[in-house]
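Try each task yourself, then read the solution.

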Amino acid sequence: MLPTGLSSVYLGFSTAAGIAGNIFAFVLFVSPLPTFKRIIRNESTEQFSGLPYIYAFLNCLICLWYAMPVVKTGIILVATVNSFGAVFQLVYLSIFITYAERATKLRMLGFIGAVAVIFAFVVFVSLGLLEYDERQTFVGYLSVASLISMFASPLFIIKLVIKTRSVEFMPFNLSFATFLMSLSFSAYGIFKEDPFLYIPNGIGTILGLVQLALYSYYSNISGEDSREPLIVSYA
């Protein structure tokens, strides 16, 4: 056990890391706003895909559930960031469905229904079949898998940048915010001694660093600035 003074400092650093992660995540949450302003203005979803927001919504729900006291205590800042994230994704999905064509609208409603069923199943198994320690492990592994699956988009962008030797579709601000958010929650997980937090966010930190390095390298070569991201999603 740490002395009282050191314990207070440790708690302070932990809280600061979690708050920083929430702030940088908020930057990512609002990043799709230009896309949805365009959808509303044109009254059409055009060629935009709603799937990234479905994945992000499910990810937020699972990570939010992991941070609930019945599953894991002491990580309230994970709960706050994912509760805000879930609300943002639900708003984006509502706008997308409103302006989508009928077939797309029905498909997206089906996906949202599937998310609800999956989440209800996770909650049922967690509370109905598992004891506290088992519940924490079960939901923890699901949150790790969910977070790692969200890295598919950065990996796709990294591959595209290398292939095209262009940073056109990799905005610096989003890459930097992703890196800082992942780094903050990695630190938060380390302070909380929670591998289900620091392992996936550690991977996100590395990927964010790779994106920043690629941005620096290829922007110097081509002398171009990035534009609107090819795939707009929360990290």
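A crossing of two helices is left-handed if the near helix is turned anticlockwise from the far one by less than a right angle, and right-handed if clockwise. Before you start: this is a predicted model, where local features need pLDDT of at least 70, side-chain atom pairs count only at pLDDT 80 or more, and totals for chains, interfaces and linings use all residues. Residues are numbered from 1 along each chain as its sequence is written, and side-chain values use heavy atoms, with hydrogens and water left out.

**Exercise 1.** Work out how α5 and α6 pack against each other, and which residues meet.

Step 1: find the helices, which are DSSP runs (H or I, at least four residues; strands are E, at least two), numbered from the N terminus.

Step 2: get the geometry. The angle between α5 and α6 is about 155 degrees, and their axes are 9 Å apart. Axes here are lines fitted to C-alpha atoms, for helices over the stretch in contact, with angles from 0 to 180 degrees between N-to-C directions.

Step 3: name the arrangement. Angles over 145 degrees count as roughly antiparallel (under 35 roughly parallel, 65 to 115 roughly perpendicular, the rest oblique), so α5 and α6 are roughly antiparallel. Their crossing is right-handed.

Step 4: list the contacts (heavy atoms within 4.5 Å). From α5 come Val-122, Val-125, Ser-126 and Leu-127; from α6, Arg-135, Phe-138, Val-139 and Leu-142. The residues of this contact split into 6 nonpolar, 1 polar and 1 charged.

**Exercise 2.** Which residues touch the most other members of the largest nonpolar core, and which element gives the largest share?

Step 1: a nonpolar core is a set of buried Ala, Val, Leu, Ile, Met, Phe, Trp, Tyr and Cys residues joined through side-chain atoms within 4.5 Å. Buried means under 20% relative accessible area, exposed over 50%, partly exposed in between (1.4 Å probe, protein chains only).

Step 2: this core has 42 residues, and Phe-36, Tyr-66, Ile-75, Val-78 and Tyr-188 touch the most other members. The largest share, 11 residues, comes from α4.

Step 3: look at Phe-36. Not counting residues up to four places away in sequence, Phe-36 touches Tyr-53, Tyr-92, Ile-95 and Phe-96.

**Exercise 3.** Is Ser-186 buried or exposed?

Step 1: locate Ser-186 in helix α8.

Step 2: Ser-186 has a relative accessible area of 8%, so Ser-186 is buried.

Step 3: check its surroundings. Leaving aside neighbours within four places in sequence, Ser-186 contacts Tyr-198, Asn-201, Gly-202 and Thr-205.

Terms used
Ala, Val, Leu, Ile, Met, Phe, Trp, Tyr, Cys and Pro count as nonpolar, Asp, Glu, Lys and Arg as charged, and the others, Gly among them, as polar.
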